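Subject: Structure for you to look at

Hello,

Here is the structure I said I would pass on. Please open it first, then read the notes below it.

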Amino acid sequence: MSGFAWADVLALLTSIGFGTLSAVVPIANAETYVIASQVSAVAGPVPIAIGVGIGQTIGKLLLFLGVRRGKEFAIVRRRREQRQLQPKPVGPARAKFRAIVAKLLDLVGQKRWGLPIVGIAAVVGIPPLYAVALLAGATTMRTILFTLVVLLGRTTRFILVALGISGLHDWFI
């Protein structure tokens with residue numbers, strides 16, 4: 001087994017961990033991790049990119065399921081009931097924000113537009129996948145389809161970033 005690279009396995013596993021963290025805690029930036037790993041040449045671009053893609057998918061799935069299942073928690077139900085009994089006044093900025101969120105929720109919830117929006121967010125990052133995952137969790141989107149589209153999109157994104165940086169690194173060094 002001379003061709004087996006334990007460094008690549010370790011890079012894959014640590015990348016899954018960092019990808020999961022960065023999906024839930026936005027301050028931990030996955031793109032920066034991928035770029036730094038390629039500049040430092042710790043491991044090849046493929047194990048890093050696939051690991052971060054898998055980790056990001058796990059994290060976004062946790063957000064998706066958190067919204068979907070969060071409605072069942074007693075504390076969420078109590079807060080919703082309190083808001084209905086004592087509604088707060090809504091200013092123009094908040095009203096506009098709510099209208100935008102309602103429109104996005106409607107689009108993400110549609111069979112025609114939901115998965116393409118998730119896919120674009122996963123690859124391009126606009127709209128932010130963090131927000132799209134939360135919105136998708138509030139719709140009837142199938143969990144398996146959400147997961148597959150995010151996995152494909154995020155892995156594609158990180159492979160492109162890793163190969164691009166790896167190519168630049170090789171070109172300059």
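**Notes on the surface and the helices**

Arg-80 lies in helix H4; helices (H or I, at least four residues) are DSSP runs, numbered from the N terminus. This is a predicted model, in which local features need pLDDT of at least 70 and side-chain atom pairs count only at pLDDT 80 or more, while totals for chains, interfaces and linings use all residues. Residues are numbered from 1 along each chain as its sequence is written, and side-chain values use heavy atoms, with hydrogens and water left out.

Arg-80 is partly exposed, at 37% relative accessible area. Here buried means under 20%, exposed over 50%, and partly exposed in between (1.4 Å probe, protein chains only).

Arg-80 belongs to a patch of positive charge on the surface, together with Lys-71, Arg-77, Arg-78, Arg-79, Arg-83, Lys-88, Arg-94 and Arg-98. Patch residues have over 30% relative accessible area and no salt bridge; like charges are joined within 9 Å, nonpolar side chains (Val, Leu, Ile, Met, Phe, Trp, Tyr) within 5 Å. A salt bridge is a side-chain nitrogen of Lys or Arg within 4 Å of a carboxyl oxygen of Asp or Glu. H4 (74-85) and H5 (92-109) each supply at least two residues of the positive patch, and H4 gives the most, with five.

A nonpolar surface patch of about 540 Å² is formed by Leu-21, Val-24, Val-25, Ile-27, Ile-58 and Leu-62. H1 (6-24) and H3 (45-70) each supply at least two of its residues. Val-24 sits in H1 and is partly exposed, at 33%.

In H6 (residues 114-123), the buried residues are Gly-114, Ile-117, Val-118, Gly-119, Ala-121 and Ala-122. After H6 comes Gly-125, with a positive phi near 95°.

Regards

Notes:
Accessible areas come from the Shrake-Rupley method with a 1.4 Å probe; for residues, only the protein chains shown count as cover. Lys and Arg count as positive and Asp and Glu as negative; His and the chain ends are not counted. The place of a charge is taken as NZ of Lys, CZ of Arg, CG of Asp or CD of Glu.
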